[in-house]
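Here are a few notes to read alongside the model.

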Amino acid sequence: MIKWHTLTSGEQLENIKAESLKQPVIIFKHSTSCSISATAKSRLERQWDEAGLENVKPYYLDLLSYRSISNQIAATFDVRHESPQLLLIRDGECTSDWSHLGIRLDEVKKALG
């Protein structure tokens, strides 16, 4: 089961950048009112144990509660805001991102390859 680390403040983004120097980090931006987002989140949670990504630290952002942080993520990592969205952060930068039904752990594994 995936152990989400909740993203609730913009200050955490600097910590995430620093963490990503030691291990890959993913940020899942989730809209709690969107069925596609719910499907993507459920898929991530179902596939996590078999995905072989135990070295990846997963963060979760509730977009409806923390929209300003989503805007900070877009600016900090130079990505266009989408919802839902999964970002792979390595060496302080967003190296890959996926949105909607393109959010799949096998794509994360390929990007880490």
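1. A salt bridge here means a side-chain nitrogen of Lys or Arg within 4 Å of a carboxyl oxygen of Asp or Glu. Glu107 makes one with Lys110, with the closest N and O atoms 3.1 Å apart. Asp106 and Arg104 pair up too, at 3.2 Å from N to O. Arg104, Asp106, Glu107 and Lys110 are linked in a network of these bridges, and the whole structure has 6 salt bridges.

2. Before going on, the ground rules. This is a predicted model, where local features need pLDDT of at least 70, side-chain atom pairs count only at pLDDT 80 or more, and totals for chains, interfaces and linings use all residues. Residues are numbered from 1 along each chain as its sequence is written, and side-chain values use heavy atoms, leaving out hydrogens and water.

3. Is Lys110 buried or exposed? Lys110 is exposed, with a relative accessible area of 58% (buried is under 20%, exposed over 50%, partly exposed in between, using a 1.4 Å probe and protein chains only). Arg104 is partly exposed at 30%, and so is Asp106 at 38%.

4. Glu45 also has a partner: its side chain meets that of Lys41 in a salt bridge of 2.8 Å, N to O. Glu45 counts as buried, at 19% relative accessibility.

5. Now Ser96, which is buried, at 19% relative accessible area. Ser96 touches Leu86, Leu87, Leu88 and Ala111, leaving out residues up to four places away in sequence (contact means heavy atoms within 4.5 Å). The C-alpha atoms of Ser96 and Ile26 are 9.6 Å apart, although 70 residues separate them along the chain.
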